[in-house]
Structures are given as C-alpha cells and as structure tokens.
There are 2 protein chains.
Amino acid sequence: MNKEIRIFSPGTVANVSCGFDVLGFCLDTVGDEMVVRISSEKGIRITKIEGFDLPFETHKNVAGVSAQALIADLKPDCGFEIEIYKFIKPGSGIGSSAASAAGSVFAINELMGKPYTKTELTRFAMKGEALASQSEHADNLAPALFGGFTLVKSLCPLEILKLPIPDELYATIIHPQIEIKTAEARAILPKSVPLHDAITQWSNLGSLVHALHNGDYELLQRSLHDSIVEPYRSKLIPHFEDIKLATLASGALGIGISGSGPSIFALSKGEKTAKEVEDAMRKVYTKTAIQFETYVSKINSKGIKIIEA
Amino acid sequence: MNKEIRIFSPGTVANVSCGFDVLGFCLDTVGDEMVVRISSEKGIRITKIEGFDLPFETHKNVAGVSAQALIADLKPDCGFEIEIYKFIKPGSGIGSSAASAAGSVFAINELMGKPYTKTELTRFAMKGEALASQSEHADNLAPALFGGFTLVKSLCPLEILKLPIPDELYATIIHPQIEIKTAEARAILPKSVPLHDAITQWSNLGSLVHALHNGDYELLQRSLHDSIVEPYRSKLIPHFEDIKLATLASGALGIGISGSGPSIFALSKGEKTAKEVEDAMRKVYTKTAIQFETYVSKINSKGIKIIEA
C-alpha cells in the first residue's frame with residue numbers, strides 16, 4: 001500500500017467585514033502543499049515538515065489532531081503519513097492552521113473514497129483548529145474546504161452555506177510581519193454593542209449576500225463595512241487607516257482585517273485593480289520599518305485542490 | 001380634467017424577525033383602496049375617508065402630507081383630490097399609515113406619467129409616515145411600493161433592495177385588538193445588545209437572504225429567528241409564546257412580531273399550511289377575552305396595484 005495524494009491547501013480570509021465571525025473566503029495563490037500516504041501501520045504520523053518549524057508529534061500538530069479525529073470515527077484498517085510543505089506563515093491571519101487542519105482530513109477522505117461530506121470534514125478539522133486557537137471554530141475551515149465565500153450559519157449544529165461569487169472578484173492581501181496575540185485580539189472586543197450599530201451590520205451583511213447572488217459589485221462595495229469590530233481591532237495594526245485610504249483610493253471595493261489580523265484584505269473587481277491595490281498597500285508599508293508581504297489572488301471557488309493523486 | 005385612478009394599497013410586515021429595522025414584506029389580501037383624481041384647483045384635498053376616523057386636514061393626514069411632499073417637488077399645474085377607503089386598522093402593526101402614505105404618492109405619480117422612481121416615491125412617503133410615527137422610516141413603505149421582500153439597506157442615502165421570493169410563500173397574520181404604544185415598544189428595546197446575539201442575528205439574516213435567493217424553505221425556516229428584539233417586545237403581546245408554539249407546531253416556517261406589534265405574522269410554504277396556521281392562531285386567542293382578526297395572504301410581489309385607471 002503506497003497510495004498517496006498531493007494537495008494544495010489554500011489560505012483563507014475569515015471575519016470578512018460586516019460578516020464578522022461568520023463570513024469567509026478562499027484564496028488561490030497562497031497556500032500549503034501536503035502529501036498524504038496510506039501506510040500499513042495504523043495511526044497518523046507526520047513524516048516531513050518544511051517551511052516553518054512546527055511539531056512532528058501528532059497530538060501537537062493541527063493536521064495530526066484533525067486527522068486523528070477523522071480516523072477515530074472512520075476506524076480504517078490502515079494508517080496515514082503526512083508531509084507538510086508550509087507556505088502560509090503561522091499567525092499571519094490568513095488561515096495557516098486551518099489549511100493544515102483541513103488539508104489532512106480532505107486528503108484522507110479522498111484516499112478512502114470520500115466517505116465524508118465537506119461539513120463532516122469541517123467538524124473533524126475543527127478539532128485541529130482548536131489546538132491552534134483554543135476554540136473550535138470553522139471561520140477559515142469552511143472556505144478552505146468549500147471554496148468561494150462561505151457563511152457559517154451555525155456551529156451547533158454545524159451548518160455551512162456556500163455563497164455564489166462573481167467571476168472577476170479578486171483579493172489583495174498585505175501581511176505586516178508583526179505578531180497579534182489571539183487572546184489580545186479577543187480581549188479588545190466589546191462584550192456588547194450599540195443596537196444601532198448592530199442593525200447597520202446586519203443590513204450590510206444582508207446586502208452583501210444579495211450582492212454576491214446578483215454579481216453586483218457596486219452593492220458589494222456599499223456593503224463591505226464593519227461598524228462593530230474594525231474600530232477596535234484596527235488599532236492593533238499599524239497604519240491600518242493609511243492602508244484603508246490608499247486602498248480605497250486605488251479602486252478596491254472594500255477592505256478589512258483578515259481573521260484577527262495582522263493581515264489586511266481588500267476585494268476588487270478584476271486583477272488589474274487588485275494589483276494596483278497591492279501597489280498602494282506596498283507604498284504605505286515601504287515607508288515604515290515593518291517587514292511585509294503581499295499577495296494578489298482570484299477568489300478560489302473550489303477550495304482545497306488535488307495536485308496529484 | 002377629471003382623470004382619476006383607483007389603487008389597492010397593501011398592508012405590510014416590517015421588522016421581519018432577524019431583519020429587525022431593515023426587512024419587510026408585502027401582503028396581498030389586506031389593504032386599503034384609494035381614489036386619486038386630478039383637479040384644476042392646485043394643492044391636495046382629502047375629499048372622502050371611509051372605514052376609520054382619520055383627519056381630513058391635509059397636513060394632519062399621512063396620505064396628504066406625503067402627497068404634499070411630492071407636489072412641493074414636482075410643482076404640477078394642477079391639484080389632486082384623494083378618497084381613502086381604509087381597511088387596515090391604524091395601530092395594527094401591519095403598515096396602516098404606510099399604506100396611506102405610499103398610496104397617495106404612487107397614485108399621483110401614475111397620473112402624472114411616472115416622473116419618479118419607487119425610491120423617490122418612498123422618500124416623499126416617509127414625510128407622511130413621520131407624521132404617524134414621529135420618525136422617518138421606510139420599513140413598511142418599501143414593501144408597499146416595491147412589493148415582495150425588501151431590505152432597506154440605508155436611509156441616508158435611501159437605498160432599498162428588492163429580494164427574490166419563492167413562489168409558494170404565504171403569510172398568516174393575527175391582529176389582537178389591543179393597543180401597543182409605539183413609544184413603549186421603542187422604550188422597551190435595549191440600547192446595546194450582546195455581541196454574541198448580534199452575530200447570531202446577522203448570521204440568520206445573511207442565511208435568510210441566501211434562502212430567498214435559492215427558494216430554500218428549510219433554510220428560511222432555520223433563519224427566521226430574532227435573538228435581539230422579540231425577547232423584549234413579545235412581552236407586550238398577550239399569549240405570544242402560546243401563539244408561537246401553536247404556529248410552529250402547525251407547520252409555519254417561522255413567526256415574529258409584525259412591525260412593533262400587536263400583530264403577529266407567520267410565514268408558511270403553501271396556502272394550505274398558512275390556513276392551518278391561521279386555525280392554530282385562532283384557537284389560542286378564542287380561549288381569551290381579547291378580540292382579534294386573522295388574515296392569510298400570499299406574499300404580494302408587486303406592491304401597490306392599480307385597480308382602475
């Protein structure tokens with residue numbers, strides 16, 4: 001038995017603007033690769049990690065933990081070796097742990113003849129995600145596994161809605177190389193919010209879903225506002241307001257904090273605008289002492305992809 | 001000049017569940033009739049009111065005030081006589097004042113060759129609505145003028161989105177003949193809400209918009225929850241919880257308070273279920289000393305209709 005599969009497990013953006021805690025989307029040009037191989041020895045073994053320094057112990061590795069959750073349910077008559085080629089920097093805010101957690105269960109599911117739905121895979125992957133973020137959430141897992149834009153309608157029971165995406169939607173990401181502690185990003189959030197702001201937020205999310213269905217970029221632009229979380233969390237990201245001004249002036253439909261940061265995402269109509277937005281973002285950070293990386297990506301409508309089966 | 005038009009101006013449901021303050025829909029079997037007639041004498045005159053005791057003075061009548069807002073802009077070389085045949089009881093919570101305010105401007109616009117868009121008509125009608133409710137809002141005006149389900153994305157600038165509706169969607173309404181003072185219904189609302197509940201609310205509204213686009217009744221059912229306002233305002237409506245239990249047991253997709261009450265609406269798939277829901281509602285209130293009326297209506301996809309031109 002040496003059947004194996006090589007996959008591309010993409011980066012993802014969660015907490016998309018007015019869809020804080022529920023809306024995410026999937027990237028196409030930034031992501032990890034993983035090779036998963038059936039072995040006669042039962043259990044999960046991480047046999048190779050490249051790119052970043054992550055634990056090989058299965059129970060300490062998010063890809064290992066999610067894979068173990070799957071095999072605890074499936075009880076297959078074999079085991080799996082996992083190689084991780086990590087390109088998404090942990091802590092970047094574009095779903096590094098989710099790519100690992102989702103990738104391993106996606107690959108095992110493929111190797112075993114797809115016994116599980118994507119929602120079931122998300123549930124296993126949440127166990128891995130919990131190791132990284134101390135809470136079971138599906139914000140990044142859902143877009144990684146389903147592709148496109150996803151709305152996590154509820155966690156219990158887990159229900160994920162895949163929303164339609166217009167053809168020419170592109171994301172631009174800037175990842176300032178600073179550390180934002182998840183605990184701090186959480187602590188900074190208010191426990192309660194003005195009813196008036198909450199109404200604005202759900203009005204915008206309703207409009208955004210309508211805009212995605214209608215492929216209405218202008219409405220998308222008018223809906224991409226976060227009146228609740230951004231005012232708090234943007235303070236943790238140096239030059240956020242400058243980035244916002246420069247990005248919108250370059251034609252972006254809207255911008256927001258990716259996950260809990262520090263990455264910032266912008267959405268644009270067309271690759272040309274997305275690249276101009278990238279230039280505008282780079283100009284702002286080039287003037288600072290902060291290291292950064294940028295990416296431009298079409299919205300990935302498929303999610304995790306098989307490179308080689 | 002004796003050109004005239006007779007219209008049906010429908011009742012409407014605002015504050016639809018998770019879409020508090022933004023989402024409304026239009027009824028088809030309950031509404032007022034109005035006759036508007038061009039006269040050589042300039043200005044607006046209310047010449048007949050039947051059904052309920054409402055003021056004839058133009059500046060004290062919502063239909064008059066909205067009509068005056070329109071002619072102040074249009075400056076036509078004629079005036080208008082308005083007859084109001086009122087069937088929607090004022091204070092019922094199903095858009096009685098909105099039917100009057102929207103009806104007069106709709107009719108004048110038709111008579112003058114449609115110089116205004118529906119959004120512009122809504123803006124004029126808001127002046128009339130403000131007379132009735134002491135605040136300019138479009139919650140009931142939007143569904144009355146646009147028909148179907150509407151999302152008032154913003155008031156300033158005024159932006160109304162018309163959402164698609166599935167074919168077999170019916171509403172059942174029960175109107176308990178009690179008075180809820182708008183001021184009390186407002187005062188009972190919290191100024192701020194837990195972030196967790198707000199997230200649930202916008203998740204449900206996003207899902208509801210998705211469900212309307214996909215004609216997905218089951219998702220509609222899972223989305224029709226109001227975690228923010230209903231817990232407060234339902235206390236003002238006797239036996240609300242009994243109605244809710246009985247209604248859902250009869251197969252309704254969901255229920256909620258219509259506007260700020262006292263009417264309660266339920267949504268169902270198909271007329272048969274909507275009528276069973278009506279029976280269930282009637283059974284609950286028949287046991288009490290409270291007078292009530294009930295209605296079953298298909299969702300009205302057109303809004304105000306011309307009966308005779």
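How many residue pairs are in polar contact between chain B and chain A? The count is 15, with both residues at pLDDT 80 or more; a polar contact here is a pair of N or O atoms within 3.5 Å, where within protein one must be able to donate a hydrogen and the other to accept it, and residues adjacent in sequence count only if both atoms are side-chain atoms. Here are some notes to go with the structure above.

1. Ground rules. This is a predicted model, in which local features need pLDDT of at least 70, side-chain atom pairs count only at pLDDT 80 or more, and totals for chains, interfaces and linings use all residues. Residues are numbered from 1 along each chain as its sequence is written, chains are lettered from A and ligands numbered from 1 in the order in which they are written, and side-chain values use heavy atoms, with hydrogens and water left out.

2. The interface in outline. On chain B, 37 residues are in contact with 37 residues of chain A (contact means heavy atoms within 4.5 Å). The two chains bury about 2700 Å² between them, and 66% of that is on carbon and sulfur atoms; buried area is the accessible area (1.4 Å probe) that two parts lose on being put together, summed over both. B:Lys153, B:Leu195 and B:Trp202 supply 26% of the area that chain B buries against chain A, more than any other three residues.

3. Salt bridges across it. The rule finds two salt bridges between chain B and chain A, a salt bridge being a side-chain nitrogen of Lys or Arg within 4 Å of a carboxyl oxygen of Asp or Glu. A:Arg222 forms a salt bridge with B:Glu159, with the closest N and O atoms 2.5 Å apart.

4. Who supplies the surface. On the side of chain B that touches chain A, at least two residues each come from β5 (149-155), β6 (158-163), β8 (192-194), α6 (195-214) and α7 (217-223) of chain B. Helices (H or I, at least four residues) and strands (E, at least two) are DSSP runs, numbered from the N terminus. Helix α6(B) gives the most to this side, with 14 residues. By type, the residues of this side divide into 20 nonpolar, eleven polar and six charged; Ala, Val, Leu, Ile, Met, Phe, Trp, Tyr, Cys and Pro count as nonpolar, Asp, Glu, Lys and Arg as charged, and the others, Gly among them, as polar.

5. Strand β8 (residues 192-194) of chain A pairs with β8(B) in the antiparallel sense over three bridges (two strands pair if DSSP finds at least two bridges between them). In this pairing, A:Pro194 stands opposite B:Ser192.

6. Symmetry. Chain B superposes on chain A by a rotation of 180 degrees with 0.0 Å of shift along its axis (RMSD 0.0 Å), which is the relation of a two-fold axis. Copies are superposed by least squares on the C-alpha atoms of residues with pLDDT of at least 70 in both. The same surface serves both copies, as 100% of the contact residues of chain B recur in chain A.

7. Backbone spots to check. A cis peptide bond joins B:Cys156 and B:Pro157, with omega about 0 degrees, and B:Pro157 lies in the loop between β5 and β6 of chain B. Another cis peptide bond joins A:Gly261 and A:Pro262.
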